[in-house]
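Thanks for coming. I will go through one model today, and then take questions.

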Amino acid sequence: MKDSSTLYPSNLVLGLTSRETTGLKKRHDTSPGRAKLEKWLHSSMKIEMTDGRTLVGSFVCTDRDNNIILGSCTEHLRPDEDGREEEARVLGLAMIPGRHIVSICVDEALHSRPNQGALYT
């Protein structure tokens, strides 16, 4: 049996050579968009969807397709014709496809209080 150094050479990370991995380190930019997303991390977020549902939860992450993951998420349905609103349904961790997002509202009040809303401090 081969030892691990021959199976996994030290210059390969996820199939990339060391020359290619140095380029990965340079990709961590501090663009305004990235800074805003980092600021929103673990903030309370309300997302309205194309089917009328509203999801409320803690912002965990997003991707290049505008999909969003919310933690501790609850689902709120649109009120019926009589104006009655159903009780919120607990979803937990939820992935919302970007193509179904109509609007996003972030609770900015948490940012004025240090260490509030952060899950991992």
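**Contacts, fold and sheet**

Of the contacts in this chain with a separation of 6 or more, 43% are between residues 24 or more positions apart, where contact means heavy atoms within 4.5 Å. Before going on, the ground rules: this is a predicted model, in which local features need pLDDT of at least 70 and side-chain atom pairs count only at pLDDT 80 or more, while totals for chains, interfaces and linings use all residues. Residues are numbered from 1 along each chain as its sequence is written, and side-chain values use heavy atoms, with hydrogens and water left out.

Confidence next. The pLDDT, which is the predictor's confidence in each residue from 0 to 100, averages 77 over the chain, and 65% of the residues score at least 70. Residues 1–18 have a pLDDT below 50, and beyond near neighbours in sequence this stretch has 9 contacts in the model. Over residues 116–121 the pLDDT is also below 50, with 8 contacts beyond near neighbours in sequence. Where pLDDT is low, the predicted coordinates should not be read in detail.

Now the secondary structure. The chain has 3 helices and 5 strands; these are DSSP runs numbered from the N terminus, helices being H or I of at least four residues and strands E of at least two. Along the sequence the pattern reads α-α-α-β-β-β-β-β.

In what order do the strands of the sheet lie? The order is β4-β3-β2-β1-β5, in an open sheet of 5 strands with antiparallel pairing; two strands pair if DSSP finds at least two bridges between them. At the edges are β4 (89–96) and β5 (101–106), each pairing on one side only. On average, neighbouring strands of this sheet are turned by 30 degrees against each other, direction ignored; axes are lines fitted to C-alpha atoms, for helices over the stretch in contact, and angles run from 0 to 180 degrees between N-to-C directions. Strand β1 (residues 44–49) pairs with β5 over 5 bridges, in the antiparallel sense, and M45 stands opposite V106 in β5.

**Inside and outside**

Buried residues make up 21% of the 121 residues in the chain. Buried means under 20% relative accessible area, exposed over 50%, and partly exposed in between, with a 1.4 Å probe and protein chains only.

The largest nonpolar core has 12 residues, among them M45, I47, F59, I101 and V106. A nonpolar core here is a set of buried Ala, Val, Leu, Ile, Met, Phe, Trp, Tyr and Cys residues joined through side-chain atoms within 4.5 Å. Each of β1, β2, β3, β4 and β5 gives two or more residues to this core. Leaving aside neighbours within four places in sequence, I101 is in contact with I47, E48, N66, I68 and I96.

That brings up N66, in the loop between β2 and β3. N66 has a positive phi of about 70 degrees although it is not a glycine, and counts as exposed because its relative accessible area is 52%. S72, in strand β3, also has a positive phi, of about 50 degrees, and is not a glycine. S72 is exposed, at 65% relative accessibility.

A polar atom of the S58 side chain lies 3.4 Å from the backbone oxygen of H42.

How values were computed. Polar contact = N/O pair within 3.5 Å; in protein donor to acceptor, adjacent residues only side chain to side chain.
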